[in-house]
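User: I am new to this structure and would like a short tour. Could you show it to me?

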Amino acid sequence: MKNFRGETLSWWQTADGVIELVLDRAPCNEIASATLGELEEFTAALPGLHKTSHALIISSARSEGFCAGADLRELYHRSQALPAADRLAAVRDFLVRIHRVANTIDAAPLTTIAAVHGVTFGGGFELALLCDLIVADKTARFCFPELRLGLIPGFGGIPRLKRDVGNAVVRDLLLTGRSFNVTKAQGAGLVSQVVAEGDALQVARATAAQTAKFDRDTMVAAKKFIKPIPYEELRQEIDIFCELFTRPAVDEGLRKFVESTDALPYLP
Amino acid sequence: MPTLQDTTEEVLRLAAEHFKVPRETLGANDDFFKQLGINSLQALDLLTRIEQHFRIELPDYELQGVSDFRTLAERIQSRL
C-alpha cells in the first residue's frame, strides 16, 4: 500500500521518495485510540516503503496546531467505564502500543522531519521528538503540561527530550508545565529551522529533497550512531506513569479538566 | 519604558489586528475570551503574538485567571 486515508490521519508516498503523514482530527489532533490504531497501521506499512523512500515528513492539517497531545477526554471516559481493577491494565496496554509505534518511527531508516505549527503539546510534542529534525513556524508552542494533572509524559517524552537537550531545559519544561515559543525552543536546541507562519511543510519538503542527495547507507549509519533509542528509560517511563495514574489525585485532576467548561480548561 | 496605559493600548491593538475585530470594540476592562470569542488554543496564539511583539517570555501559568486586557498588560509590563 502506497497511501492511506483514515479517520484521524492520512499518508502517502510521493514520486520523489518522501512519505508524508498528515494528522487531521478535530479540534487539534488529540491522540485517541482511533489515532493509535491508524498509527499502528502506518508503522506496519513502513518497512514496505523503506526501499523506495528516503524521508518521512509528519505534519498537521489542523489550523490550531500540530497536535494537542493525548485525548484526555477519551482517556478519562474509557477509564471510568472500566472496573477499577482493570483501569491500570488498559492504560498500560495503550502506552505499550504507542511506545511500539514511537520506537518504530524513531528508528526508521529515513530522515524524519516534523513540520509543526501552533499547539505542539504533550503527546504532540512527543510525536515531534521522534523525528530527526523539527521545522517550526512562528506560531509553534511546545509544552509538557502533564505534571499539572499529576502525571508525567507517557509517550516517551522525557527520555527523548533528555536525548536532545540539556537537563535544565527538561526540568524547566517539565516542572513548570509552561510552554516554550519557537524562539525559546530554537534557543534550547529543539527546533532545527524557524520559518514564517504557514511555511513549515514547504521548508520540510525542501529539507527532505536535500537529504535525498546523500548516500542512503551512510545516512542510516549516521542516524543509528547519533540517535540511540533510550529503551531502558522508555520502559521506566511506562512504569512511573502507571504508578502515578492510579492515584486519586490524577482521577480528580482529569475529571476537573474534562468537565471544565471554562475557556481555559482546568490546569493548576 | 512604556507606561501601563501604553502597553494596554498596544495589547488592544494587537488583539484587534490578529483576531480581525475593530479596535474600538475592545476596552481595557473587557474579558478577552468573551469579547474576542476565543478559546484556550486561540488564547495561546495571542500569547505567542504578545511574546514576539514585546520580545518577552510570559509563562502560561501567569495568565491563569487573567481574562481582561488591563491585567494582561500588567503581566507584560512586569516583564519589560
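Analyst: A word on terms: contact means heavy atoms within 4.5 Å. Helices (H or I, at least four residues) and strands (E, at least two) are DSSP runs, numbered from the N terminus. This is a predicted model, in which local features need pLDDT of at least 70 and side-chain atom pairs count only at pLDDT 80 or more, while totals for chains, interfaces and linings use all residues. Residues are numbered from 1 along each chain as its sequence is written, chains are lettered from A and ligands numbered from 1 in the order in which they are written, and side-chain values use heavy atoms, without hydrogens and water.

User: Which strands of chain A does helix α3 of chain B lie across?

Analyst: Helix α3(B), residues 40-54, lies across β7 (119-121), β9 and β10 of chain A, and runs at about 115° to β9(A). Axes are lines fitted to C-alpha atoms, for helices over the stretch in contact, and angles run from 0 to 180 degrees between N-to-C directions.

User: In what order do the strands of that open sheet come?

Analyst: The order in chain A is β5-β7-β9-β10, four strands with mixed pairing; two strands pair if DSSP finds at least two bridges between them. β5 (65-67) and β10 (179-181) of chain A are at the edges with a single partner strand each, so one side of each has no neighbour in the sheet.

User: How many bridges join β9 to β10 in chain A?

Analyst: Three bridges join β9(A), residues 141-143, to β10(A), and the two run antiparallel. A:Cys143 stands opposite A:Ser179 of β10(A).

User: Back to chain B. At what angle do the axes of α1 and α3 cross?

Analyst: The axes of α1(B), residues 4-18, and α3(B) cross at roughly 130° and come within 11 Å. That makes α1(B) oblique to α3(B); angles under 35 degrees count as roughly parallel, over 145 as roughly antiparallel, 65 to 115 as roughly perpendicular and the rest as oblique.

User: New topic: where is the cis peptide bond?

Analyst: The cis bond joins A:Ala26 and A:Pro27, with omega about 0°. A:Pro27 is in the loop between β3 (18-23) and α1 (33-45) of chain A.

User: And A:Asn29, is that buried or exposed?

Analyst: A:Asn29 is buried, at a relative accessible area of 3%. Buried means under 20% relative accessible area, exposed over 50%, and partly exposed in between (1.4 Å probe, protein chains only). A:Asn29 has a positive phi of about 60° although it is not a glycine.
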